[in-house]
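I opened this model to look up its sheet, a few helices and some single residues. My notes are below, in the order I made them.

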Amino acid sequence: MADDRAPPGGDIAPGAMTEYLTDEWAFFVRSARELERFRSPFQSIEVHDSVPFGRLFRLDGHFMTSERDEFYYHEMLVHVPGIAHPAPERALIVGGGDGGSAEELLKYPSIKSVTLCEIDLAVVDISRKHLASVHKGALDDPRVDLRIGDGFAFVRDTAERFDLIVLDLTDPGGPSTLLYTPDFYRACAARLNPVGAMTLHIASPVAHPSRVRDGLAALRTAFTLVTPYLASIPLYGGMWMMACCSGSLDPRKLAAHEVDRRLAQRRIGDLQYYNGEVHRAALALPNFVRELV
């Protein structure tokens, strides 16, 4: 897969946490206080206090999530496929050690179990310590089965089937490299129930057009329906692409009023971003994105 994203070039100044979208394009968030910095067996981990985002979590120099903007990402990653499903009961998260995706899945009254497969125990530990406002206790909910290990191996070897699979991953590179391949996508497709969907974030269509194009092509080797959609994620630099992938579940079939009806019927509240009109708007792609996908 082509990768438009440059490796981190280091912070532009002490305390100016810098996110590089390309060689020529970066932005920074000033750290008010560094709370953690260490290296796990898999990656470099940091937690900072910041004025605009509160607690901010970084892996290998990349912004992952923060207290004040996590809902942009987690709500759109989970609810676009989740509300399209008639009654999801079993879900799998690969990655997602901060617990944000699990917290959103647990809002569904039909959910009976969420298996969370995270390769790095240090991510879970640091999230329990510093990111309670992201996971809201989901990491210790009895419906959550936490598995520490390789996500590819788990998906390949398990006999379980799921209604929803959420790939809540770091960007391609390091521990997540093999989780952006056609082989892994096909393994995930084989673990879905007939009315099921997998969702994941892809990249910025502005900064990473090659990653978007190649990523969607890889997904289409495994899924009949690949539905790209957009979300605005401040911590990731603005416009970001996600995709809902399935053999039968199509979020485009839901009108805004039907999304809102299902949210009310399922009593899914505490949403700061997602609603019926946002669902429809996310599926409306600008012309330059249509040409890309």
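The entries go from model confidence to the sheet, then to strands, helices and residues.

**Ground rules.** I am working with a predicted model, where local features need pLDDT of at least 70, side-chain atom pairs count only at pLDDT 80 or more, and totals for chains, interfaces and linings use all residues. Residues are numbered from 1 along each chain as its sequence is written, and side-chain values use heavy atoms, with hydrogens and water left out.

**Confidence.** I checked pLDDT, the predictor's confidence in each residue, from 0 to 100. The protein chain averages 95, and 97% of the residues score at least 70. Over residues 1-7 the pLDDT is below 50, yet this stretch has 29 contacts in the model beyond near neighbours in sequence. Contact here means heavy atoms within 4.5 Å.

**The open sheet.** Helices (H or I, at least four residues) and strands (E, at least two) are DSSP runs, numbered from the N terminus. Two strands pair if DSSP finds at least two bridges between them. I traced an open sheet of seven strands with mixed pairing, in the order β8-β7-β6-β9-β10-β12-β11. β8 (144-148) and β11 (225-233) each have a single partner strand, so one side of each lacks a neighbour in the sheet. The twist averages 20 degrees from one strand to the next. Axes are lines fitted to C-alpha atoms, for helices over the stretch in contact, and angles run from 0 to 180 degrees between N-to-C directions.

I then went through the pairings. β9 (residues 162-168) and β10 (residues 192-203) are parallel, over five bridges. Val166 stands opposite Thr199 in β10. Helix α1 (residues 70-84) packs on the sheet and touches β9, β10, β11 and β12 (238-246). The direction of α1 makes about 155 degrees with that of β11.

**Strand β12.** β12 pairs with β10 in the antiparallel sense over six bridges. Met198 has Cys245 of β12 as its bridge partner. β11 and β12 also run antiparallel, joined by nine bridges. Leu225 is bridged to Ser246 in β12. The β11-β12 hairpin has four residues between the strands, and Gly237 takes a positive phi near 100 degrees there.

Is β12 buried or exposed? I use buried for under 20% relative accessible area, exposed for over 50%, and partly exposed in between (1.4 Å probe, protein chains only). Eight of the nine residues of β12 are buried, so the rest of the structure largely encloses this strand.

**Thr227.** I looked up Thr227 in strand β11. Thr227 is buried because its relative accessibility is 1%. Its contacts beyond four places in sequence include Met242, Ala243, Cys244 and Leu283.

**Strand β3.** Seven of the seven residues of β3 are buried, so this strand too is largely enclosed by the rest of the structure. Ser44, Glu46, His48 and Ser50 point one way, while Ile45, Val47 and Asp49 point the other. β2 and β3 pair antiparallel over seven bridges, and four residues make up the hairpin link between them. Glu34 has His48 as its bridge partner in β3. On to β4: six bridges join β3 to β4, again antiparallel. That hairpin has three residues between its strands. Val47 is bridged to Phe57 in β4.

**Helix α3 and His130.** α3 lies across β7 (113-118) and β8, at about 135 degrees to β8. A side-chain oxygen of Asp120 reaches to within 3.1 Å of the backbone nitrogen of Ala122 at the start of α3. Ala122, Val123, Val124, Ile126, Ser127 and His130 are buried in α3. Their cover includes β2 (25-39), β3 (44-50) and β4 (54-59).

What does the side chain of His130 join in a polar contact of 3.3 Å? The partner is the side chain of Arg55. A polar contact is a pair of N or O atoms within 3.5 Å; within protein, one must be able to donate a hydrogen and the other to accept it, and residues adjacent in sequence count only if both atoms are side-chain atoms. His130 lies in α3 (residues 121-130) and has a relative accessible area of 10%.

**Pro86.** Pro86 sits in the loop between α1 and β6 (90-95). It counts as exposed because its relative accessibility is 54%. Beyond four places in sequence, Pro86 contacts Val195, Leu249 and Arg266.
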